[in-house]
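Colleague: I'm new to this one. Can you walk me through it?

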Amino acid sequence: MNANGQLNFRFDGQEIIGYAGESIAAALIASGISATRLSATGMPRGYFCGMGVCWECVVRINGINTVRACRQVVEDGMIVETVNAAEKL
Amino acid sequence: MDLPKVADIVIIGAGISGLSVALPIAKAGLSVAVLDKNEPWSDASGANAGTLSIQVKRAEVLSLIYESIERWKRMPEDYGIEVGFGQPGGIRVATTEAEYNQLEKSVEVQKNKGIDVRMLNREAVRQLGPWLGPNVMAGSLCLYDSYSNPLVAGNAMVAGARKLGGVIAGGNRVSEIRRNAMSDIDRFSIKTVSGDTIHASHVVNAAGAWAGEISSMLGVKLPMEVDVNMLTVTEPSPPIFNRVVTHVGGILSLKQLPNGTCLIGGGWQGRGSVSSGTKNIDYERFLHNMRVAADVIPKIRDLHILRTWAGFEAVAPDALPIMGQLGEDDHVWTLGCARGGYSLAPALGARLAEMILNPSKRDTLLQFSPQRFAP
Amino acid sequence: MTIEEVDVTIIGAGAAGLSAAGEAARMGARVVLVDDNQHPGGQYFRQPSPQNYKCKSLVSEKDRHRFVQLLKGIDTPLVRYCPGTTVWDIHDQFTIGLADGERSRRIRSAAIVISAGARDHVYPFPGWTLPGVITAGGSQNLIKGMGIAPAAPVVVAGNGPLLLVAAANLVSVGVEVAAVVEASNRPWNIVRHAAKLIHGGSNLGLAIKYLKILYKSKIPFLRGYGVIAAYGSECLSAVDVAPIIRNGKFERSQARRITAKTMVTGMGLTPSLELPRLLGLKETSMPLRGGPNIITNEKMMSSVFGVFVAGDGSSIGGVELSLVEGRIAGINAAIHAGIGASESMQLSLTRDLSAHRRLCKFRSGLERVFMNNVDWYDLLTPETIICRCEDVTWGKLHKCKEKGLITPLQLKAATRIGMGRCQGRNCLGTLAALTSHEGDDPTKEQEMPRTRPPARPILLSELLHEQLPPPELPDDPHLPRQQD
């Protein structure tokens, strides 16, 4: 992270620039990305309520748990991935 | 829903027990009406994890378990319904030396009863379940362990019974059962709280936690205790584990359903009572339930918990099924089963239907007869 | 294990919660102030969070000052502020289960103030799930909190004062707004309800400021219009708007298409009801005030003894009302916890009560200005998504009706509606409206799925660290005692 708080993270493999204190959703929207999830029937979804209620912006971070992109602050080197709800067992 | 005026058989309770009797009876061509005070499937049947595990059954019921799981599996052929059945096989784990010994003994008993089950040591159990936690020191494996998703099965069984002409009527609490002349038709008048009356020649008490109450209306005492079982479901996740997992020491049942959600249960007790109608989560026991689960399959700790719920389940004093003629009248029947009732209901229900339909079959499974509690 | 005991627990650190905490502490109560957000202020007093915040600040000098005062009020050893903390369970009278992302813990509290705020009310319409369709609150959070503009051009469409605020803020930070579409069409209502609106005080100045911004921007302002569908493949590309006719239906023959990458929408706010419902607080339906409202008395106490509800989390009324209700609830919660009120506190309570009456008059005037009768059922197609988590469509619900499944509980069991990650927050309100709209008797109360813990999704790992007594397993001879 540099002096003005700029940092880098990845979304589905793509390098994204964010700033300290920004939510993942805000950083993605600033980079022109609005679809961050695939729904149960495979429809694209993204940031909707912006206050942690709707869970539409849910993403997976660092290969482990799901977070709401509107609430999780970006961190340098974070790996963010689309959650694909249509992916079946 | 409007009640018919008459039915050959009225079943009280539209849970797994009641519907398991209703399906074969309706298929045999008799008219059947199933009454429930709430929505069908809204207590023990809805509030259980749908684990069809052979390995956690008591020795006394093992003779029925293969048949019952087979009946679960055959529901699409028998009744044209999809009940969310899966047969991934099950692993029952031990995490301490004492549990290991207990598991070995249990496997021996099961083998003697003809169950195909085997012990797995630490390495072998990990080969089958690399997702098991480091505290798991051994397990037993039964490839016939299965599940049926209760959220799917309930609607399916209701729909199946309706397709066969059965009436499944939720929102009909029975307030009074009157015994008329000893004729075969119109033997009983069953009144509901909303003022409807339905006449029947047979009555089946499958009212679960309310079975004692219904028995009293029929003039028979049925000693029942009530469990309040808790259940938890997680958010959907990519595959984590692929077996039905149970625990020999701690109370646990764990499975991941085709939609990716994990169902965590086993029978930890919530708070509440039938008389107050409350059935709530007990904070500390809920936490214990989650800890046993995370100990056995550590990866589920990264999942969000979305919902918990609780349901009443009736338990006989000896925790065995209650099935057969209730009292002196051979037109009054009962079916109930805790701690395994979901697994066993299809077999017990089919047998009870046979008993009702065919007087020559009435001496089967006497060990489960409610007569054992007669004073 | 000792469970910490406090006098008052306040849930939500927005306008109502901060003022409640300040007043309760001023009374001498030991207060825990729990907030799901990482920063205090709630939606209204939200502060810019990124370091490189580039947007023009949208917070007025007056609000900046008020916020500083509110923070001063909780800057006392009596108030323990717990940011990033979720209340996931409340049981007994009252044990409160908290989780902070890492671990769970419990506190015991003599009184509770729920000031959990509200969220945007959005009805379903074709295309509403497309990325790029966001709520008015979501737009505010992006520009006010993050300093980031949503993709332009933007169409702002819906109903109510918040929508105009969102539009004016977008214009202020230089975002291209293609149109503002407002469902109500009764400008004369401002005159008709002037006697009530006059009680708004500083609200009026603010309203004029926002209207001026919009007027000066010369953005098309469509009154009596609504969006009937949103289009796009991967994300939003256009919306269709149409006039609303007398019966609330849309005049589709006059529909026109507007190109938009973002649609900011909302039909006003609706209270967040998870905790009130977990506690079983009595509700009443107030269609003009966000739908289900929590019934409170003049102390802001709900139907459950010791539980107070203040601000938009009880009934939609905006920031001024929230501040006043928070103060009233804070004082009364402290009194409930056994703390005597000094004469000066009594006096300030009296003042707050009269301010409350005045603001309620303003509110009812404002509600009437924005009154509309949109028949949103008219927009539904078989493909319209109702439950966003499980992708349950209107067509699927309708098919259930043919099978005799009509109540919310039956539909939930049949379709999984309301069973996803949002725990029904997106769809259960819609489901309640749909089932009563479709039912024989629209006034008949519907039995809705019960709210149970966790009141918000919690990570299973959060539950592994709290100290617990060893489990008491019953001495049961009938082993195994496992349930299916």
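Modeller: A term to begin with: two strands pair if DSSP finds at least two bridges between them. Helices (H or I, at least four residues) and strands (E, at least two) are DSSP runs, numbered from the N terminus. This is a predicted model, where local features need pLDDT of at least 70, side-chain atom pairs count only at pLDDT 80 or more, and totals for chains, interfaces and linings use all residues. Residues are numbered from 1 along each chain as its sequence is written, chains are lettered from A and ligands numbered from 1 in the order in which they are written, and side-chain values use heavy atoms, with hydrogens and water left out.

Colleague: How many bridges join strand 9 of chain C to strand 10 of chain C?

Modeller: There are 5, between residues 154-159 and residues 177-182, and the two strands run parallel. Within that pairing, C:Ala157 is opposite C:Val181 of strand 10.

Colleague: What is the strand order of the open sheet in chain C?

Modeller: The order is 8-15-9-10-11, with parallel pairing. Strand 8 (133-135) and strand 11 (221-223) of chain C are the edges, each pairing on one side only.

Colleague: What packs on that sheet, touching strand 9 of chain C?

Modeller: Helix 4 (residues 161-172) of chain C does, and it also touches strand 10, strand 11 and strand 15 of chain C. Its direction makes about 165 degrees with that of strand 9 of chain C; axes are lines fitted to C-alpha atoms, for helices over the stretch in contact (heavy atoms within 4.5 Å), and angles run from 0 to 180 degrees between N-to-C directions.

Colleague: New topic. How many residues of chain B are in contact with chain C?

Modeller: 62 residues of chain B contact 46 residues of chain C. The buried area is about 4600 Å², with 51% from carbon and sulfur atoms; that is the accessible area (1.4 Å probe) that two parts lose on being put together, summed over both. B:Tyr283, B:Arg291 and B:Arg339 supply 16% of what chain B buries against chain C, more than any other three residues.

Colleague: And what is B:Phe286 in contact with?

Modeller: Leaving aside neighbours within four places in sequence, B:Phe286 contacts several residues, including B:Met230, B:Ile281, C:Trp88 and C:Leu463.
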